[in-house]
Amino acid sequence: MSPAGPAWPRLRVLQALWALLVVLLAPWRLWAIKNTQECTWQVVLNNFETVGKKDASDRFVDQEPLYTVDKVFSLLVDAPIDPDEVRGLVSGKRERSWTCTPLGSGHLPTLSLQTYLGFPYYLKINYSCKGELFNLIPRYFVNVPSRPLWYTVDQTPVFILGGIPEEKAILLTDTNFKDFFLVELSIDSCWVGSFYCPQASFTATIFDAIATESTLFIRQNQLIYYFTGTYTTLHASNRGSERWVRVLANECIKKLCPVHFHSNGSEYVMALTTGKHEGYVHFGTITDGHVSFELLPRQRSVCSGILVVNCSITWAVFIAGDYNLLLLVEIEDPSTRKYFQVVSYDLVSDYLVVLYTIPEFIPDARGLEFLMILGTESYTNFPMVPKGMSYNPYNNLLFIWGNFLLQSYNSENFIYLADFPKELSIKYLVNSFYGDTAIVTETEEIWYLLEGSYQVYKLFPSRGWEVHVSLQVMQQSSLYAPNETMVTLFYEDNKLYQLVYLIDHQQGRLIKRLVPVEQLLMYQQISNDYLLERQGSHLTLSFTNFCPFTVMRLRDLPNPQIYTRQERYRAQPPRVLEPWGFHSDNSLAVYQGLVYYLLWLHSKYDKPYADPVHDPTWRWWKNKKQDQDYYFYLASNWRSAGSVHVDMASYEKIYDLKAENELPERIFLDKGTSYRFSVFLTAREPEPAHGASFQVQSQVGLAVVLADPGCIEAVVKEKVLVNRNSVLFWVTLSDKRFCFDQGISGHHLMKTSMLVKVVGSSGHCFQNTHQGPRMQGNLMVPVLIGCPPGKRLAFDITYTLEYNRLQNKHYFDCVHVDPEMPCFLFRDVFYPFFLIQDLVTGDSGSFQGSYVLKVVGGGPTLDTIKEYSEEDIYRFNSPLDKTDSLIWTTRNTTTTEDSAFNILSHNSLGIEWLCLENSPCHDTIPHSIFASEFFFKVLVSNRGVDKSTYCDYQLTFLLHIHGLPLSARRAFLILMVSASLFVGLVILYIISCLLSPYVVKVCNILCWKINNIIAWESYTYSTASDTRAFSNTSGTKSGESSGGISRVVSKVAEENKTDTKETLRKKSIS
């Protein structure tokens, strides 16, 4: 008998475990989104009204109030979620309007969605611009030269492309040219040509266009504009011009040079000048959307620095790691012909030095594939005409290109690549920064170079291209046409793409298509290397395979997350409890809300106090985990609220992702860490001339090339498997521990790389996969040295409370308990403990390194906390302070090098609170009958004192201390006032006891007299009434009555007097 379970509809699509794999990286940004299963969800941006529609992808321009899904979540009264918390999250966004996001606020690959993405929109942001959108007429593209696509790699949310003839327009895309807009720019087009700006003509064409994360740059004629603002105002006719800012208005700019990578928290762009500032570079820095330019060199021009009269800067490259510029300088010498030099400029020291003088003529390679330029080689009559440079910061590879191709790994010693014909001229290079480089010539030919090798392959036009196009036409592909013009060439996810304008059947269209590099190389190899042999009466066709191995496999790969630093969540859709089994608007909206809430939990998880469970999703289910079986029972009987079942086990963070038999996209190395894997190679059939072991070793060889061997090292060990005709190599990549200073997690990382290369495999080895052929034998992996992203320091409040209770034999919390911030008693020794939490792998362990603790702020209440100045921080925390201002002290004797602060660790002797006379916590006045309290803002940092890691951990948290003592003066004053009040009360009591009998006697006499007066007045009143009533009675009788009344009154008075004496006598006796 099977256990009860939900009766899910038996549809194949719904039976599959659909998993949306959300890739998160903090604070370093990665472009990697992969799904764990073939059946996946489409991730798009939709309004609530279009959720579930096929191919629905909304673009938002109008400022409309945000629609929430409160009504959907209100149905989930018995679901394993907290409706109040979800509703609070939604209601918190209720008043927000959808605003088109400013450049740089975030984009899908980094998933910084919590910054700007209002509920219920999610995951994929498509931008649109309100304004003039132009039709793609043929004259904009036909026979128009292609142009490079320049942008900040892995950062920019959009691409822009100029080059539209005689139009102030650019191509704008936010989907890597899956769709795009031709947008007219609202710029003034003012031309300030003068005697110092030698420009002969004016044109409306946008020549250079560069996209960064927060800014767009364009050049028209000699003017530069940059854009800041929102996408809705990018080209609006009424207010777009005010967003396009003209910069360097009095300069004549001949060229913009891109900087492909951000560094030091900024992005960069360079403007080359001509005219009055010839020989200078305007170096632009973009930080948080703010643009500033600096004229370099600072002291004198490049021409003066290299001691020449006339020179011109042709190209500039910025090397962020060394903080210097490489300049391609053209020098005109009246006595000789012009020549070119590579000049290095140090931005820190303002120092210029000539690194290399480019030969005037192209070397004669004499049939070789490459030639090392030593100065002793012979040359042809073809002049070398350099036009630009390209630099890869991962492998330090510098290209100088023109009608030739030079490469160097140190910018001083160059290799000439002879496969590129000297009759052609290179227009621009396209670098994938993962080992592949595409070359576009002035005649629109496409060439390909695999970095680490010296062969340059022609992709278009070629026989391989003709074969490929023929096969595509046979398949009636819509991506090819007889009349086509290439617009640009670019890499996306390590694949080469073309943007091409096609004219087919009198219709023009702009399409993006893949350049099948591997297939083209295979076609060329087959076309060039074949042999016809006669066997009997017929010819036999055979092909030569130059690949040295038949099988190449990667083995023993570790779990990738610890090295790629990608945070991953699994978020499966809710189960639909309907007979037809299809998702409805409600179920899709619930899924949308749950994914958004999951992202919100992810962003909220980064807090100073560590949770008991190291998982952001723990807070989601912690209050309803015990009811999991109940919700499963309801779903099993189709009784879940809203006909939707949310399984709490379907939302989790993935910590154990397995490797997929390939090297990771990139490797992060902390201090002294290593990455280890193995490579299995099976050689081709050996010739029987030598022994089997020698033949296997001689046919396959593995080389590991390191870009910075002084910082990282590789150890390769091999084992020959003779019986399998194979070799197994073990490769270990390690950090050498001394090439990087401490840095914040994910910031200021050193770029380098590792190239694993099978000797003789470049351009010859391919593996057939379900996605097409893939090149084998060359594996280039970027390596980033420093503090990996996703590692943080957290206050271990759980263990701190436990250890403090054990050491102090007690623990007293505040009267008003706050579970998020427990209190600590002032007179107890405080033992803090901290955790190193890895948000990627889920590891959480005690911080074993050294650290410095400082109180950097504080106040008696949360509302009165203030920051302390640097001088105050020194006085409050330094053991050298002589002003009686210390807040705390420790019995540890270890200090920093300047003895300014104490160094603590996990085994320190604890902290004793002092709050001396001049400290801010001294003499804190309580606000109630309970003891004084104080909130300390504490900074913990291991910078400069911890040698075990590259991570500069900094943690700031609030520490609640109660039971603070009063100052001696205030305590003495309170004692004197209290004593005075007490003595006064005692004296008053004694006086009252001594005088009380007399007071009582006087009171009694006073009461007696008052009673007598009252009685006498009563008698007089009654006597007067009787006299008037019996005025006619005889005198005898009246006299008797008067005498009788007098006797009665006298008798009563005597009795009262007797009673009074008796009372006084009794009191005196007592």
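**View 1. T890 lies in strand β54, which covers residues 888–890.** Helices (DSSP runs of H or I with at least four residues) and strands (DSSP runs of E with at least two) are numbered from the N terminus. The model is a predicted one, in which local features need pLDDT of at least 70 and side-chain atom pairs count only at pLDDT 80 or more, whereas totals for chains, interfaces and linings use all residues. Residues are numbered from 1 along each chain as its sequence is written, and side-chain values use heavy atoms, with hydrogens and water left out. T890 has a relative accessible area of 9% and is therefore buried; buried means under 20% relative accessible area, exposed means over 50%, and partly exposed lies in between, with a 1.4 Å probe and protein chains only. A polar atom of the T890 side chain lies 3.3 Å from the backbone nitrogen of N892. The T890 side chain also reaches the backbone oxygen of G910, at 2.9 Å. A polar contact is a pair of N or O atoms within 3.5 Å; within protein, one must be able to donate a hydrogen and the other to accept it, and residues adjacent in sequence count only if both atoms are side-chain atoms. When neighbours within four places in sequence are left aside, T890 is in contact (heavy atoms within 4.5 Å) with N902, L904 and G910.

**View 2. A disulfide is formed by C547 and C765.** The sulfur atoms of C547 and C765 are 2.0 Å apart, and a disulfide is defined as a pair of cysteine sulfur atoms within 2.5 Å. The link of C547 and C765 is right-handed, with 110 degrees about the S-S bond. C547 lies in the loop between β33 (538–543) and β34 (549–555), and C765 in the loop between β44 (750–758) and β45 (766–769), so the pair ties together parts that are 218 residues apart in sequence. C547 is buried, with a relative accessible area of 5%, and C765 is buried, with a value of 1%. A search of the whole structure finds six disulfides.

**View 3. C711 and C739 are joined by a disulfide.** The S to S distance of this pair is 2.1 Å. The torsion about the S-S bond of C711 and C739 is about -75 degrees, so this disulfide is left-handed. Distant parts of the chain are linked here: C711 is in the loop between β41 (702–706) and β42 (712–721), and C739 is in the loop between β43 (726–735) and β44, 28 residues apart. C711 counts as buried at 9% relative accessibility, whereas C739 is partly exposed at 25%.

**View 4. A disulfide joins C814 to C823.** The S to S distance is 1.8 Å. Because the torsion about the S-S bond of C814 and C823 is about -105 degrees, the disulfide is left-handed. Both C814 and C823 are buried.

**View 5. Helix α14 (residues 968–1029) contains Y998.** Y998 is exposed because its relative accessibility is 59%. Y998 also belongs to a nonpolar surface patch of about 1,100 Å², made by F982, V983, V986, I987, Y989, I990, I991, L994, L995, Y998 and V999. Patches are made of residues with over 30% relative accessible area and no salt bridge; like charges are joined within 9 Å, and nonpolar side chains (Val, Leu, Ile, Met, Phe, Trp, Tyr) within 5 Å. A salt bridge is a side-chain nitrogen of Lys or Arg within 4 Å of a carboxyl oxygen of Asp or Glu.

**View 6. The sulfur of C1007 is 6.5 Å from the closest cysteine sulfur, in C1003.** This distance between C1007 and C1003 is too far for a bond. C1007 counts as partly exposed, at 43% relative accessibility.

**View 7. Helix α10 (residues 628–636) has the buried residues Y631, L634, A635 and S636.** What covers the buried residues of α10 includes β37 (644–645). Just after α10, W638 takes a positive phi of about 55 degrees.

**Context for the views.** The chain has 15 helices and 57 strands, and 50% of its 1070 residues count as buried. Among contacts in the chain between residues at least 6 apart in sequence, 62% join residues at least 24 apart. The chain exposes about 52,100 Å², of which carbon and sulfur atoms supply 54%; accessible areas come from the Shrake-Rupley method with a 1.4 Å probe, and for residues only the protein chains shown count as cover.
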